[in-house]
Amino acid sequence: MGRWEPDARGRLAKAALELYSERGFEQTTVAEIARRAGLTERTFFRHYADKREVLFAGSGELQELFVRAVADAPEASAPIDAMAVGLDAVSQVFADRRDFARARQAVIMANAELQERELIKLASMAASLAGALRGRGVTEPAASLTAEAGVAVFKVGFERWITAAEERGMERLMRESLAELKAVTAGR
């Protein structure tokens, strides 16, 4: 039986995304996901708490990477430049995942519950980034403003990156989005 094949977690994620894209998130059951992956429901629940988590499973690690990169940016970096270091770091995670990211985002945008979950994850990211900036000595409200701006740049850059016609790398799009934010705030 397929359950003894390697990468059960990856197979479950692939099967779930395929089914969500074909049938919709709400219409897809855990049993169907497990069956498509050649696994059991029990195996599904060893890897994911629920069918939503298939779409959000890596967000904790992504947040940790982003926060660590901001915290470890060169000491003399301005807060927004420390945020740029973080944006560069998270961009690397997505390097070979554009097709998956596009499909994932389409599923999320088709479901209000998933959109809410995505916003909660982004708010958590902003709060953690603000904490990292405060740890670097940035005072409030500058820490929170910079963190929120960094998440906005991430969101806009990501949305640009997953558009069908876009071929440029995520890091470049993040840098362009950050430059645009800097230009807007400078009054240009």
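Predicted model: local features only at pLDDT ≥ 70, side-chain atom pairs only at ≥ 80, totals over all residues.
Contact here means that heavy atoms lie within 4.5 Å of one another.

Once its neighbours within four places in sequence are set aside, Gln63 is in contact with Lys121, Ser124, Met125 and Ser128. The relative accessibility of Gln63 is 16%, and because buried means under 20%, this residue counts as buried.

Helix 5 itself, which covers residues 59-71, packs against helix 6, which covers residues 79-93, at an angle of about 145° and with the two axes 7 Å apart. The crossing in which helix 5 passes helix 6 is right-handed. On the side of helix 5 the contact is made by Leu62, Leu65, Phe66, Ala69 and Val70, while helix 6 contributes Ala82, Met83, Val85, Gly86, Leu87, Ala89, Val90 and Val93.

The axes of helix 9 (residues 142-161) and helix 10 come within 8 Å of each other and cross at roughly 130°, which makes helix 9 oblique to helix 10. The crossing of these two helices is right-handed. From helix 9, the residues Ala149, Val153, Phe154, Val156, Gly157, Phe158, Arg160 and Trp161 take part, and they meet Met170, Leu173, Met174, Glu176, Ser177, Leu178 and Leu181 of helix 10. The contact of helix 9 with helix 10 has 11 nonpolar residues, together with 2 polar and 2 charged ones; Arg160 and Glu176 are the charged members, because Arg and Glu belong to the charged class.

Glu176 also leads from helix packing to the pairing of charges. Side chains of opposite charge can pair when their charged atoms come close. Arg172 forms a salt bridge with Glu176, in which the closest N and O atoms are 3.1 Å apart. Both residues belong to helix 10 (residues 170-185), and because they are 4 residues apart there, about one helical turn separates them. Salt bridges with shared partners join Arg172 and Glu176 to Arg160, Glu166 and Arg168 in one network. Glu176 counts as partly exposed, at a relative accessibility of 25%.

In the model as a whole, the count of salt bridges comes to 17. One of them pairs Glu113 with Arg52, and the closest N and O atoms of that pair are 3.1 Å apart. Glu113 lies in helix 8 (residues 112-135), whereas Arg52 sits in the loop between helix 3 (41-47) and helix 4 (53-56), so the pair ties together parts that are 61 residues apart in sequence. Glu113 is partly exposed at 35% relative accessibility, and Arg52 is likewise partly exposed, with a relative accessible area of 26%.

A further salt bridge brings together the side chains of Arg134 and Glu140, with an N to O distance of 2.6 Å. Arg134 has a relative accessible area of 42% and is therefore partly exposed, and Glu140, at 40% relative accessibility, falls into the partly exposed class as well.

Definitions and conventions:
Residues numbered from 1 in each chain as written. Heavy atoms only, no water. Salt bridge = Lys/Arg side-chain N within 4 Å of Asp/Glu carboxyl O. Buried < 20%, exposed > 50% of the residue type's maximum accessible area, 1.4 Å probe, protein only. Axes fitted to C-alpha atoms, helices over the stretch in contact; angles between N-to-C directions. Parallel < 35°, antiparallel > 145°, perpendicular 65-115°, else oblique. Left-handed = near helix turned anticlockwise from the far one by under 90°.
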